[in-house]
Amino acid sequence: MNRILIGAQWGDEGKGKIIDILSRKSDIIVRYQGGNNAGHTVKFDDQTHILHLIPSGILHKDKVCVIGNGVVIDPAAFFKEVDVLEKKGIRVKGRLFVSEQAHLILPHHRLMDCLREEDAKKGEQIGTTKKGIGPCYADKMARVGIRVGDLRNLPYFKERLEAVLKERNEILRKIYKHPGLSFKEVLAECLSTRSRLLEYSIDTPSYLFSASRKGKSLLFEGAQGTLLDVDHGTYPFVTSSNASVGGAITGSGVSPTLIDRVIGVVKAYTTRVGEGPFPSQFPAALMKEIQKKGDEFGSTTGRPRRCGWFDALIVRHSVRINGLDEMALMKLDVLSGLPELKIAVAYELDGKTYGDFPPSSCDFARVKPVYETMKGWKEDLTHVKRWKDLPANARKYLKRLERLMETPIRMISVGSKRSQTVIL
Ligand code: IMP
């Protein structure tokens, strides 16, 4: 069984916990897009692990993990994570492979990401994680990127690096009034991790194809969420990769004909970190309350996440884009104690009502949500194990969400531990 797990909102849905559960029935866990901008929090053996680049499946001793060609890799960040895991006694070497075709995040990418954000006018900032993700993907598309496998051929690597740095330095000096980066220093940084990184690198598409032919089951671990997808999200306030289902295919080299199921992950409410429109955002007091109750602070940057009511239109958009077969719904427990719950069921724009997420960014920035209101529940849900033990109003809320999402909910999370999950 080959499954893809996708965030169906703006990321931070709680994918780490579901990947951890699904990893048990998978042989190989594959990351296919994004980089160390992601942050997957997993509680495992009474320890909390935050993984940014390495698939969460690494926490299971007998699993193999793959970082696919669609991922962008900052070698220093990669080895920081490897070292933390190994220090905790989790063996990584020999069961973690990196694609030769994955692009490298280099010092000028990180620098450009920071300078662009600092230079942008208010309202034009993306609120990036400043990890160099956007500039690295931009180089990939402009065909001037440098890939992991290029490190094998040192003269070729040096030549490409020198050429791209020359051009970037011109931009840094002329546009950002920055002195530029020294080729010698950037090269030294790359060489410091070169041989170690090459030990992890293989031809991942071939590896995954033959593993799948031998009957191994693959789990594709999405990072970020569909509304942050560069094509299908709330452009330009998105990340620079395809966080929706297509990214799993191009970012791993595995054919769609080999995929059996696509699973979506949603929070019982909505959150967003970084800039960009958010129609169902809570008023300030409620936002503070939910941020605190739900521990809504970014695991990569520590920034508080904006919080809001469940927006059925953005999730239905995700269901359609990804062809989601089922949903895992997270953090239902956080809503306990609210007297009433709102759900955005339509948008209003220029006096008209719309039932679907609009393709135009300008329209999305101006929509006002139309809410449906439901009664809340007081009970603490963190000990609930079965559907029938959920309060009646919680069940009604979930049933309504299922209808609005046009997709069945198969897992409900009521706490961060693996045991705090209702499986339907
Ligand atoms: P970038 O991916 O660092 O370029 O940031 C682009 C946008 O995506 C910003 O709004 C970030 O806050 C957001 N973003 C990137 N990674 C994540 C994530 O893992 N969870 C939630 N938001 C993210």
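This is a predicted model: local features need pLDDT of at least 70, side-chain atom pairs count only at pLDDT 80 or more; totals for chains, interfaces and linings use all residues.
The ligand has 16 residues around it, and Asp-12, Asn-37, Thr-129, Thr-239 and Arg-303 come nearest. By class, the shell is made up of 6 nonpolar, 8 polar and 2 charged residues. Thr-129 reaches an oxygen atom of the ligand with a polar side-chain atom, at 2.5 Å. Gly-127 uses its backbone instead: an N or O atom there lies 3.3 Å from an oxygen atom of the ligand.

| Residue | Atom on the protein side | Distance to a ligand oxygen atom |
|---|---|---|
| Thr-129 | polar side-chain atom | 2.5 Å |
| Gly-127 | backbone N or O atom | 3.3 Å |

The largest nonpolar core holds 67 residues. Those with the most contacts inside this core are Ile-4, Phe-220, Phe-310, Met-327, Leu-332, Ile-343 and Tyr-397. Helix α12, residues 392–405, gives the most to the core, with 6 residues. Two domains take part: the core draws at least three residues from each of domain 1 (3–100 + 201–263) and domain 3 (268–423).

Three loops carry backbone features worth checking in the viewer.

Where is the cis peptide bond? It runs from Tyr-235 to Pro-236, with omega near 5°. Pro-236 belongs to the loop between β10 (218–221) and α8 (245–250).

Asp-295 has a positive phi, near 50°, and is not a glycine. This residue is in the loop between α9 (284–293) and β13 (306–308). Is Asp-295 buried or exposed? Its relative accessible area is 54%, and the cut-off for exposed is over 50%, so Asp-295 counts as exposed.

Glu-406 is another residue other than glycine with a positive phi, here near 60°. Glu-406 lies in the loop between α12 and β19 (409–413).

Conventions: Residues are numbered from 1 along each chain as its sequence is written. Side-chain values use heavy atoms; hydrogens and water are left out. A residue is near a molecule or strand if one of its heavy atoms lies within 4 Å of it. A polar contact is a pair of N or O atoms within 3.5 Å; within protein, one must be able to donate a hydrogen and the other to accept it, and residues adjacent in sequence count only if both atoms are side-chain atoms. Ala, Val, Leu, Ile, Met, Phe, Trp, Tyr, Cys and Pro count as nonpolar, Asp, Glu, Lys and Arg as charged, and the others, Gly among them, as polar. A nonpolar core is a set of buried Ala, Val, Leu, Ile, Met, Phe, Trp, Tyr and Cys residues joined through side-chain atoms within 4.5 Å. Buried means under 20% relative accessible area, exposed over 50%, partly exposed in between (1.4 Å probe, protein chains only). Helices (H or I, at least four residues) and strands (E, at least two) are DSSP runs, numbered from the N terminus. Domain bounds come from an automatic or database domain assignment.
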